[in-house]
Amino acid sequence: VVIRMGVEGVRRFDIRRRGRQQRAVLSGALAALPAGLMAALAAELAAEAGAYFPAVYALTLALCLAGTALLARCGLPLVLAPDLGTACWLIYLIVISHGVTLPLLYACLTAAAALVWLLLRCGAARRALSAFPPCLRAALPLSFGLLLFLWGAEQGRLLLASPLHLVMLGDFADPLAYFTLLGLLVLLGLRALRLPPLAAVLGAFLVTALLSLAEGFWVVPPAPFYLPEGLDRAAGLFLRAGEGETSALAGAAAAFPWLVAVLLFTSWGTIAALFPRLVGEDSAASNGASAAAETGGRQATAGLRGVLSALAAVNVLAALAGVLPLMASRLSALAGREGARRPRAFACGACAIYALLLFTAPLARELVSFPAALALLALAAGLSLLRRVRLPRLRLVEARAAVLLLVLIVPLPYDIALGLSLSLIAYVLLRQLARRPVPSVTRGLAALFVLFAVSAAWLF
């Protein structure tokens with residue numbers, strides 16, 4: 001009887017363990033599906049500037065797959081994807097508006113990513129990251145959650161861009177807005193029935209996707225699969241950086257400091273929002289914590305310096321391959337507890353989706369054309385981040401003003417580096433006016449942001 005009870009206990013434990021691993025794999029797949037389709041949107045943006053879409057799409061997904069596996073090896077359940085706000089800024093403002101050629105842009109991206117990697121290895125970037133006040137780090141989940149929620153609502157046409165207002169409600173006679181709202185109501189209804197978050201998100205996603213397919217808004221292409229081709233037309237574009245007018249060098253030089261800031265602070269902001277304990281441990285270690293505490297924190301989770309160095313190395317390869325910058329995607333908030341406990345299982349599900357999308361460019365374009373289900377996943381990720389908000393009591397005026405500025409600037413223009421820089425500058429100025437002490441590192445970083453803004457004023 002004792003042996004039989006022991007065998008039954010082992011079987012039940014194995015079943016529970018398998019179930020947790022399956023939930024982690026499923027959460028990785030749900031996070032990678034919209035993140036992978038962002039690669040199609042980024043490739044479309046690069047194609048508008050003269051890039052070859054099939055090659056850029058395939059190389060982007062390949063690097064996203066490799067970077068996601070690398071981050072899982074570091075112990076973090078993060079998916080890599082192109083940041084659409086950064087991609088629009090690079091293509092529309094720098095390349096199209098100011099005449100910077102695409103090879104010169106990739107050369108600048110290579111140099112900026114290499115500089116970020118060097119700054120991280122020598123410790124200078126780590127000190128700059130630790131200069132951000134705790135109130136701003138605590139407000140990052142709120143700003144990122146609002147950013148994801150607004151982006152999902154805009155993709156699902158629940159909100160529309162308006163020249164007269166910041167946002168405007170969409171027309172619910174539009175099928176895309178109707179199906180997005182239906183999926184959101186299904187998600188909230190399943191959560192009201194006390195279903196687990198992953199089951200509720202999956203159920204709402206399947207309902208929205210199946211109804212969209214049944215109504216004919218999605219059409220399976222006659223040839224949904226294809227082998228990647230023309231990779232030589234995207235890789236190595238930086239070698240032709242000297243071609244074109246010399247006036248484009250001024251635009252590239254003015255954009256270079258902001259490229260460094262974007263590559264460093266965008267991924268750091270995502271990691272700080274999703275894993276605040278990791279950023280807190282790293283900051284404590286940089287301020288002189290004990291060696292035993294630092295060793296224990298690094299054994300529990302990957303160090304912030306190593307993760308950001310890995311992301312910078314991936315971006316160097318991405319620029320050499322002719323791919324726009326890759327960031328830690330905020331859609332990784334769908335990982336949940338199971339994904340955080342089992343990052344390798346999470347990465348298996350994400351890499352499987354990336355590998356599938358790698359050979360389905362026509363199908364990816366079709367899915368992006370009616371993004372109701374994908375907007376639903378972004379809305380679910382935004383709600384997941386908003387649930388993690390734990391703002392401390394803000395007693396000082398400068399802390400309240402800086403947090404309010406960060407929460408407003410990041411979601412509206414979809415610019416993380418701009419929101420972080422403006423909120424830090426406002427925090428330092430208000431503290432100086434109130435004659436309160438400010439750390440020298442924080443003042444130096446704020447002065448550097450002001451210098452960047454002045455030097456690139458004509459670009460913005």
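**View A. R157 pairs with D174 in a salt bridge, with the closest N and O atoms 2.8 Å apart.** The two residues sit in separate loops of the chain, 17 residues apart: R157 between α6 (134-155) and β2 (159-160), D174 between β3 (168-169) and α7 (175-192). A salt bridge here is a side-chain nitrogen of Lys or Arg within 4 Å of a carboxyl oxygen of Asp or Glu. Helices (H or I, at least four residues) and strands (E, at least two) are DSSP runs, numbered from the N terminus. R157 is partly exposed, at 38% relative accessible area. D174 is buried, at 19%. Buried means under 20% relative accessible area, exposed over 50%, and partly exposed in between (1.4 Å probe, protein chains only).

The model is predicted: local features need pLDDT of at least 70, side-chain atom pairs count only at pLDDT 80 or more, and totals for chains, interfaces and linings use all residues. Residues are numbered from 1 along each chain as its sequence is written, and side-chain values use heavy atoms, with hydrogens and water left out.

**View B. D83 and R330 form a salt bridge, with the closest N and O atoms 2.7 Å apart.** The pair links distant parts of the chain, 247 residues apart. D83 lies in the loop between β1 (80-82) and α3 (84-97). R330 lies in the loop between β4 (326-328) and α13 (336-341). Both residues are buried; for R330 the relative accessible area is 12%. The two side chains also make a polar contact at 2.7 Å. A polar contact is a pair of N or O atoms within 3.5 Å; within protein, one must be able to donate a hydrogen and the other to accept it, and residues adjacent in sequence count only if both atoms are side-chain atoms. Leaving out residues up to four places away in sequence, R330 touches D83, F144, L147, L148, T266, T270, A381, L385 and I416. Contact means heavy atoms within 4.5 Å.

**View C. R365 and E44 form a salt bridge, with the closest N and O atoms 3.0 Å apart.** R365 belongs to helix α15 (residues 361-369) and E44 to helix α1 (residues 2-48), so the pair ties together parts that are 321 residues apart in sequence. R365 is partly exposed at 41% relative accessibility. E44 is partly exposed too, at 31%.

**View D. E398, R431 and R436 are linked in a network of salt bridges.** The search of the whole structure finds 5 salt bridges.

**View E. L391 sits in the loop between α16 (372-387) and α17 (397-409).** L391 is partly exposed, with 37% relative accessible area. Not counting residues up to four places away in sequence, L391 touches A138, A139 and L142. L391 and L142 are 249 residues apart along the chain, yet their C-alpha atoms are separated by 8.6 Å.

**View F. The largest nonpolar core holds 158 residues.** Y57, F132, F265, W268, I271 and F449 touch the most other members. Helix α9 (residues 248-274) gives the largest share of this core, 16 residues. A nonpolar core is a set of buried Ala, Val, Leu, Ile, Met, Phe, Trp, Tyr and Cys residues joined through side-chain atoms within 4.5 Å. Neighbours within four places in sequence aside, F449 is in contact with F132, W258, A261, F265, S421, L424 and I425.
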